[in-house]
Amino acid sequence: MSMTYVYFAQATPDHVKIGHAGNPWARMLDLQCANWHELRVIATVKCESKYAAYHLEARLHRELSEHKIRGEWFRFTEEVQQRMAMVCGEEIYTRAMVEP
């Protein structure tokens, strides 16, 4: 089984994308061509399977739905930041697009 991640990616200080991918850093490179803001992975959660990552992502989307902008994009409010810290623990990054 391959490792899959739920990731939080930032385009602006006020917006965050919550998604899942086998390699979130490569996913940001794919998405970058369609976004004029620099995308960066700011936090990840390692999941044992794509199934587990999908369900964690869906749960986060439901729990944070009041902050949803569109699709997988959310306002990066204090509540969203707190939930990210609870779920991701130590897997929060400070450098743009840096794979651990």
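This is a predicted model: local features need pLDDT of at least 70, side-chain atom pairs count only at pLDDT 80 or more; totals for chains, interfaces and linings use all residues.
Visitor: With which residue of helix α2 does Glu 63 pair?

Guide: Side chains of opposite charge can pair when their charged atoms come close. Here Glu 63 forms a salt bridge with Arg 59, with 3.2 Å between the closest N and O atoms. Both residues belong to helix α2 (residues 50-63) and are 4 residues apart, about one turn of the helix. Arg 59, at 35% relative accessibility, is partly exposed.

Visitor: Which residues make up the network of salt bridges?

Guide: The network links Arg 59, Glu 63 and Arg 83. Glu 63 also meets Arg 83 in a salt bridge, at 2.7 Å from N to O. This pair links distant parts of the chain, since Arg 83 lies in helix α3 (residues 78-88), 20 residues from Glu 63 in helix α2. Arg 83 counts as buried because its relative accessibility is 15%, under the 20% limit.

Visitor: How many salt bridges are there in the whole count?

Guide: The count comes to 3. One of them joins the side chains of Lys 17 and Glu 72, at 2.3 Å from N to O. Lys 17 is in strand β2 (residues 15-21) and Glu 72 in the loop between β4 and β5, 55 residues apart. Lys 17 is buried at 5% relative accessibility, whereas Glu 72 is partly exposed at 27%.

Visitor: How is an aromatic pair described?

Guide: The distance of the ring centres and the angle of the planes describe it. The search of the whole structure finds 1 such pair. Tyr 5 and Trp 25 are edge-to-face, 5.6 Å centre to centre, with 80 degrees between the planes. Tyr 5 lies in strand β1 and Trp 25 in helix α1; both residues are buried.

Methods:
Residues are numbered from 1 along each chain as its sequence is written. Side-chain values use heavy atoms; hydrogens and water are left out. Rings of Phe, Tyr and Trp (its six-membered ring) pair if their centres lie within 6.5 Å; planes under 30 degrees apart count as stacked, over 60 as edge-to-face and the rest as tilted. Helices (H or I, at least four residues) and strands (E, at least two) are DSSP runs, numbered from the N terminus. Buried means under 20% relative accessible area, exposed over 50%, partly exposed in between (1.4 Å probe, protein chains only). A salt bridge is a side-chain nitrogen of Lys or Arg within 4 Å of a carboxyl oxygen of Asp or Glu.
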